[in-house]
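Please look through the structure shown below before reading on.

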Amino acid sequence: MHKIYPGPVEVLHGIDLTVERDEQVAIVGPSGSGKSTLLNLIGILDRPTSGTLVLDGHDTAALSDGRLAGLRAATIGFVFQQFFLLDYRTALDNVADGLLYTATPLRERRRRAAEVLDRVGLGDRLRHRPGQLSGGERQRVAIARALVGRPALVLADEPTGSLDTANGTAILKLLSELHDEGTTLVVITHDPTVAGAMDREIHIRDGRIHPEPT
Amino acid sequence: MSRSSLTPADLVRVSLLGIGARKLRATLSVLGIAIGIAAIVCVLGISESSAAGLERQLDRLGTNLLSVQPGQNLTGDQTTLPLPAEQTLTNAPYVQQVSGIATVSGTVLRNKHVGSNFTGGISIKAARPNLPAILRGQIAQGTFLNAATSNYPVTVLGAVAAQRLGITTLRPGTAVWLGGKAFTVAGVLAPIQLSPDIDRSALIGFAEAKQAFHIDGSASTVYLRTDPQHVAAAADSLAAAASPAHPDQVSVSQPSAALSAQLAAKKTFNSLFLGLGTVAVLVGAIGIANVMVISVLERRSEIGLRRALGATRRHIAGQFIGESLALALLGGLAGSAIGSLVTAGYAEYKHWHTVIPATGLGLGIGATLAIGALAGLYPATRAARLSPTQALAR
């Protein structure tokens, strides 16, 4: 795949990558190497300038905006470094919103959200707003939101990037539990501990994949 | 493959939550439309309430009252109606009731000790017993003249006349001095809207007027009730019926015409205020569009997040149009409520029946919805066009 932004700035120069179902992959590399762009492409938030992306057997180039959105809603869960929680919604509603675009009734969305929050250890924080939670708790809410739709693929961009070590470890544990249940995981990280915990590390530099140093 | 979907209920919920999260801003942005709609509802409501008051008055008084008076002859001198005019008018087509009055010259004084200058501008008139019925007048106190009392020195005072003579409560034996003779006051009339000059008169019977003041009995004004369906046709034939020899010296008028004209004026008077209200609504709409544009700029990451969660461009556009519609509708509802309250308060103060213009309210709400959709269109399109990666980038 290639990705060229207007400018023109070629960010990705021919990435050829296959992630197997159930695999957990770490994408590592310096800032500006194109990691985030790659993750956006994998998460079909953006389309490649050239090349194809096949996700769950679908050639994404052929899909309409509506279909792509459907795919994101049903099969992909995102975890962002900045969490992106809505300040005016409770933890429960932030997580329940993970199912907003899947035609799930509100009652069911809330029930499942409570379940997942309980699982990430925030069963007693359902009515708290993001402002009343610590950074680690917020990231756990964000992870719960990514998980509530039981997606086949979870994409995480620096999930531990703004957390201290203790919280980072807890998040890592959560992610590996997820993997044990059969979720495919792609994580961008600077953190060697996180990268080391994955099945495979992909090194990106200047928009190209470099051979894995072993 | 599953499609992304957002149920209508969820769309409404998402839109309202967006507003609820920024209450102060929502309130301020809604104010413009609320004021505009309130102004429009007030103008329509108050004018319709007052018109309804006039209409009820007209209904009660009837528009089928005509009055016949002598006009001027070719040389400009005042003429009189022929003596049998009242009788001939009774037989004119479509005429149902007739009652004449005649002017009597003489001073009206409270008693004989009062100087003859203190007449208070009150005149004496001879009247028939059916006068209050024909003018739809009410007797405030006592009784009106009847066939018997018309033959004796008995008078009934108009409302203003009674007030100027200082007769507030009628006691048995109260008398006033008409043309140098004591007349017992039998009754006092309530104000008569169709013929205010009766209010400033002391009325006596024709028989007594002939005897005491030597009038010839020709009427100075003849009031007629006609068939309500044929008022115009009746009016056309009255001059000839009253004075077959000189129909050109007779003037026929419709006392309710003044009220009708007032009513017509009330209904056309509003366009300026309605224009001002419309301007306020437009300014309000621009305010909402402004707030929505800012909201889209501020909430880029929310837009990006929603796209990541599976929202389509359409869902994002729907959310922002929904917010704009909800803001406009809130403004419309608040404005309608304020306008209705002000109308009700003012109508209460003026003793009118409150009329809230239903079509006005309906149109107002419809207009705010259209305005909300228009104001939201551009911001919503911007939000929908934002690519998820741009929206999520810091």
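Predicted model: local features only at pLDDT ≥ 70, side-chain atom pairs only at ≥ 80, totals over all residues.

## A buried helix in chain B

In helix 10 of chain B, the buried residues are E302(B), I303(B), G304(B), L305(B), R306(B), R307(B) and A308(B). Helix 10, which runs over residues 300-308 of chain B, has seven of its nine residues buried, so it is largely enclosed by the rest of the structure.

The cover over these buried residues includes elements of both chains: from chain A come helix 2 and strand 6 (76-79), and from chain B come helix 11 (313-349), helix 12 and helix 13 (388-392). Just after helix 10 of chain B, the backbone at G310(B) takes a positive phi of about 115°.

## Where the two chains touch

Chain A and chain B meet through 24 residues of chain A, which are in contact with 23 residues of chain B. On the side of chain A that touches chain B, helix 2 (residues 65-75) of chain A gives the most, with nine residues.

Chain A contains seven helices and 10 strands. Its radius of gyration is 17 Å, close to the 17 Å that the globule rule gives for 214 residues, so chain A is as compact as a globular protein of that length. Taken along the principal axes, the C-alpha atoms of chain A fill a box of roughly 45 × 40 × 35 Å, and 45% of the 214 residues of chain A count as buried. Among the contacts in chain A between residues at least 6 apart in sequence, 70% join residues at least 24 apart.

Chain B has 13 helices and 11 strands. The radius of gyration of chain B is 35 Å, well over the 21 Å that the globule rule gives for 394 residues, so chain B is more spread out than a compact globule. The C-alpha trace of chain B spans about 110 × 45 × 40 Å along its principal axes, and 43% of its 394 residues count as buried. Of the contacts in chain B with a separation of 6 or more, 84% are between residues 24 or more positions apart.

## Helix 9 of chain B and its partners

Helix 9 (residues 271-298) of chain B packs against helix 2 (residues 23-61) of chain B at an angle of about 165°, with the axes 8 Å apart. Angles over 145 degrees count as roughly antiparallel, and helix 2 and helix 9 of chain B are therefore roughly antiparallel to each other. Helix 2 of chain B passes helix 9 of chain B in a left-handed crossing. Among the residues that make this contact are G32(B), G36(B) and I40(B) of helix 2 of chain B, together with G277(B), G284(B) and I288(B) of helix 9 of chain B. The residues of this contact divide into 15 nonpolar, six polar and one charged.

Helix 9 of chain B also meets helix 12 (residues 358-385) of chain B, where the axes come within 9 Å and cross at roughly 25°. Angles under 35 degrees count as roughly parallel, and these two helices of chain B, helix 9 and helix 12, are therefore roughly parallel to each other. Helix 9 of chain B passes helix 12 of chain B in a right-handed crossing. Here the residues of helix 9 include A285(B), I288(B) and M292(B), while those of helix 12 include I371(B), A375(B) and R382(B). This contact of helix 9 with helix 12 has 14 nonpolar residues, two polar and one charged.

V250(B) is placed in strand 11 (residues 250-253) of chain B, and V250(B) counts as buried, with 21 C-beta neighbours inside 10 Å. Although V250(B) and P70(B) are 180 residues apart along the chain, their C-alpha atoms are separated by 4.7 Å.

Most residues other than glycine have a negative phi. E158(A), however, has a positive phi of about 50° although it is not a glycine, and E158(A) is found in the loop between strand 7 (153-157) and helix 6 (165-180) of chain A. Y94(B), in the loop between helix 3 (85-90) and strand 2 (95-104) of chain B, has a positive phi near 70° and is likewise a residue other than glycine. Y94(B) is buried, with 21 other C-beta atoms within 10 Å, and E158(A) counts as buried with 20 C-beta neighbours inside 10 Å.

How values were computed: Residues numbered from 1 in each chain as written. Chains lettered and ligands numbered in written order. Axes fitted to C-alpha atoms, helices over the stretch in contact; angles between N-to-C directions. Helix = DSSP H or I, 4+ residues; strand = E, 2+ residues; numbered from the N terminus. Parallel < 35°, antiparallel > 145°, perpendicular 65-115°, else oblique. Left-handed = near helix turned anticlockwise from the far one by under 90°. Contact = placed C-beta atoms within 7 Å. Nonpolar A, V, L, I, M, F, W, Y, C, P; charged D, E, K, R; others polar. Rg over C-alpha atoms; globule rule 2.2 N^0.38 Å. Buried ≥ 20, exposed ≤ 12 C-beta atoms within 10 Å, placed from the backbone.
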